[in-house]
Each structure stands twice: as structure tokens, then as C-alpha cells.
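Please read them with the structure open.

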Amino acid sequence: MLSDNEINRVLVVTAHPDDVDFAAAGSIARFTDRGVEVTYCVVTDGDAGGFDRALDNGGMAELRRSEQVGAAKAVGVTDVRFLGYPDGTVVQSLDLRRDITRVIRQVRPDLVITHTPERNYRFVAPSHPDHRAVGGATLDAVYPDARNPYTFPSLLQEEGLEAWTVREVWLNGGQTPNHYIDITDTFDRKLSALRAHASQVSHLEDAEGFVRGRFSQVATEGGLGEGRYAEAFQRVPTA
């Protein structure tokens with residue numbers, strides 16, 4: 001497993017704007033605080049989300065991209081990339097694997113953070129089909145696609161993107177986490193990132209209370225004790 005001083009570049013691959021902020025914004029803030037370069041790759045523009053349907057026909061997608069860029073800044077991330085796939089219909093296709101492989105070879109991360117491709121029967125929210133498709137495609141892009149120069153040869157021959165081996169993946173949203181990050185000191189920035197997604201959370205009566213309760217429970221499950229907040233991942237060695 002990677003030690004902290006071996007993680008210099010992180011790529012986060014998610015299905016929708018706001019996914020990273022619910023799952024990992026506190027951990028991302030910890031990374032950026034110590035100078036780690038973090039890139040977000042968001043597969044869809046989230047155009048099927050939100051509650052103000054007056055913003056259909058592209059308006060919601062534009063709003064959600066803007067919200068994600070603002071949320072990223074709250075935790076020190078300025079490199080945010082959107083792949084533009086339709087929200088709600090993502091499948092684990094070769095095209096998606098190629099597009100994620102491209103970003104991996106561009107960013108050359110030590111660590112990739114993404115969704116678990118498995119359904120969570122304890123807590124259904126992370127099991128959106130887009131999440132599972134993106135998690136599966138990202139794992140396939142990590143191994144074997146990104147490291148094999150003969151996979152998607154146009155990436156090398158036409159774009160000059162050399163093969164790259166990601167050493168570790170952290171999966172969020174699964175039933176069997178084995179790695180807990182104490183985010184108590186960065187929790188307020190996680191909240192700020194989530195508030196940036198007004199189209200998704202402004203209708204909730206007590207969004208902050210829900211988030212505090214959820215990530216306090218994660219800290220308890222991780223053995224961090226009362227009064228702490230944590231995010232949970234399953235660490236997968238991929239070198």
C-alpha cells in the first residue's frame with residue numbers, strides 16, 4: 001500500500017458533479033493541504049439531477065458544471081474535467097474505458113479514487129447505476145488499459161500519451177471499507193463544497209445535519225471515537 005509521502009498526484013473519477021464531495025471532499029482537502037496535485041474527472045454533467053426543471057435543455061448541465069468547479073475550489077482543486085456523457089445512462093463501455101484511460105495517462109496519478117462497481121445492500125445511495133458503471137470502467141482503465149501501450153493504440157500514436165501504471169485505487173460507497181480517513185479538521189470545507197451544489201441540496205431541510213450524522217457514524221465504525229468525522233474507502237493495490 002502507498003504511504004502518504006508516495007502520493008503526489010491523485011485522480012478522482014466520478015459519475016456526477018457532487019459525487020466526490022459527498023464521498024471524499026474531506027480527504028481531498030487533506031491531500032491539497034500537503035501539496036498533492038488533485039484532478040477531478042466527472043463523467044457526466046449531471047443534467048438529469050436537480051429540482052428546478054426550468055433549467056432543462058442544457059441549463060442544468062451548465063449549472064452543475066459550475067457548481068462542481070466551485071466546490072472543487074473549496075477544497076483546493078482547480079483541475080476539473082468533464083467527459084460529457086449523458087446523465088443516467090452510463091454503461092461500462094469501451095469508449096468510456098478509453099476516455100478514462102486518456103485522463104489517467106494525461107494526469108499520471110499515483111492514486112485513483114472512484115466508485116465501487118458493486119451494489120451496496122447496506123446503504124443503497126452509492127449504488128446508482130452510473131456510479132457502478134463508472135467504477136467498473138475506471139478499474140478496467142487502471143488495469144489493464146492505462147498501463148498497456150497496445151490498448152487504445154491511438155492514445156499513444158496520435159496523442160503521444162505513454163502508458164502509465166496506477167499504484168493504488170480507493171473505492172468509495174462499498175460495503176467493506178478497510179481504510180478510514182479522519183476528516184474532522186477538514187469537515188467544514190467538505191460542508192462548503194457540498195453547499196456549492198445548491199441545485200442538489202438547497203431543497204433539503206437539514207442537509208448539514210444529515211452529513212454530520214452520516215460521517216460521524218463512519219468515524220464510529222472506523223474506531224475513531226466520538227466527536228470525529230471520517231470518510232471510508234476500500235484500498236485496492238494495483239501496481
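How many of the residues of strand β4 (residues 111-115) are buried?

1. The model is a predicted one, and the points below should be read as describing that prediction. In strand β4, 5 of its 5 residues are buried, and the strand is mostly covered.

2. Strand β4 has a partner in strand β1 (residues 9-14), with which it pairs in the parallel sense over 4 bridges. One place to look at this pairing is Val13, which stands opposite Thr114 in β4.

3. Strand β4 is also joined to strand β5 (residues 168-172), here by 5 bridges, and these two strands run parallel. In this pairing, Val112 stands opposite Val169 in β5. As a reminder for inspecting the strands, side chains in a regular strand alternate between the two faces of the sheet.

4. Next, the helices. Two packed helices are described by the angle between their axes and the distance between the axes. For helix α3 (residues 94-107) and helix α4 (residues 129-145), the axes come within 9 Å and cross at roughly 60°. An angle from 65 to 115 degrees would count as roughly perpendicular and one under 35 degrees as roughly parallel, so α3 is oblique to α4.

5. The crossing of α3 past α4 is right-handed. On the α3 side, the contact is made by Leu96, Arg97, Ile100, Thr101, Ile104 and Arg105. On the α4 side, Ala133, Ala137, Thr138, Asp140, Ala141, Val142 and Asp145 take part. Sorted by class, the contact of α3 with α4 has 7 nonpolar, 2 polar and 4 charged residues.

6. Which two residues does a cis peptide bond join? They are Tyr143 and Pro144, with omega at about 15°. Pro144 is found in helix α4, the helix that α3 passes in the crossing described above.

7. Asp18 is not a glycine, yet has a positive phi of about 90°. The residue lies in the loop between β1 and α1 (19-33). Is Asp18 buried or exposed? Its relative accessibility is 9%, so Asp18 counts as buried, the cut-off for that being under 20%.

8. Phe152 also has a positive phi, of about 50°, although Phe152 is not a glycine. Its place is the loop between α4 and α5 (154-157). With a relative accessibility of 17%, Phe152 falls under the 20% cut-off and therefore counts as buried.

Terms used: Residues are numbered from 1 along each chain as its sequence is written. This is a predicted model: local features need pLDDT of at least 70, side-chain atom pairs count only at pLDDT 80 or more; totals for chains, interfaces and linings use all residues. Side-chain values use heavy atoms; hydrogens and water are left out. Axes are lines fitted to C-alpha atoms, for helices over the stretch in contact, and angles run from 0 to 180 degrees between N-to-C directions. Angles under 35 degrees count as roughly parallel, over 145 as roughly antiparallel, 65 to 115 as roughly perpendicular and the rest as oblique. A crossing is left-handed if the near helix is turned anticlockwise from the far one by less than a right angle, and right-handed if clockwise. Contact means heavy atoms within 4.5 Å. Ala, Val, Leu, Ile, Met, Phe, Trp, Tyr, Cys and Pro count as nonpolar, Asp, Glu, Lys and Arg as charged, and the others, Gly among them, as polar. Buried means under 20% relative accessible area, exposed over 50%, partly exposed in between (1.4 Å probe, protein chains only). Two strands pair if DSSP finds at least two bridges between them.
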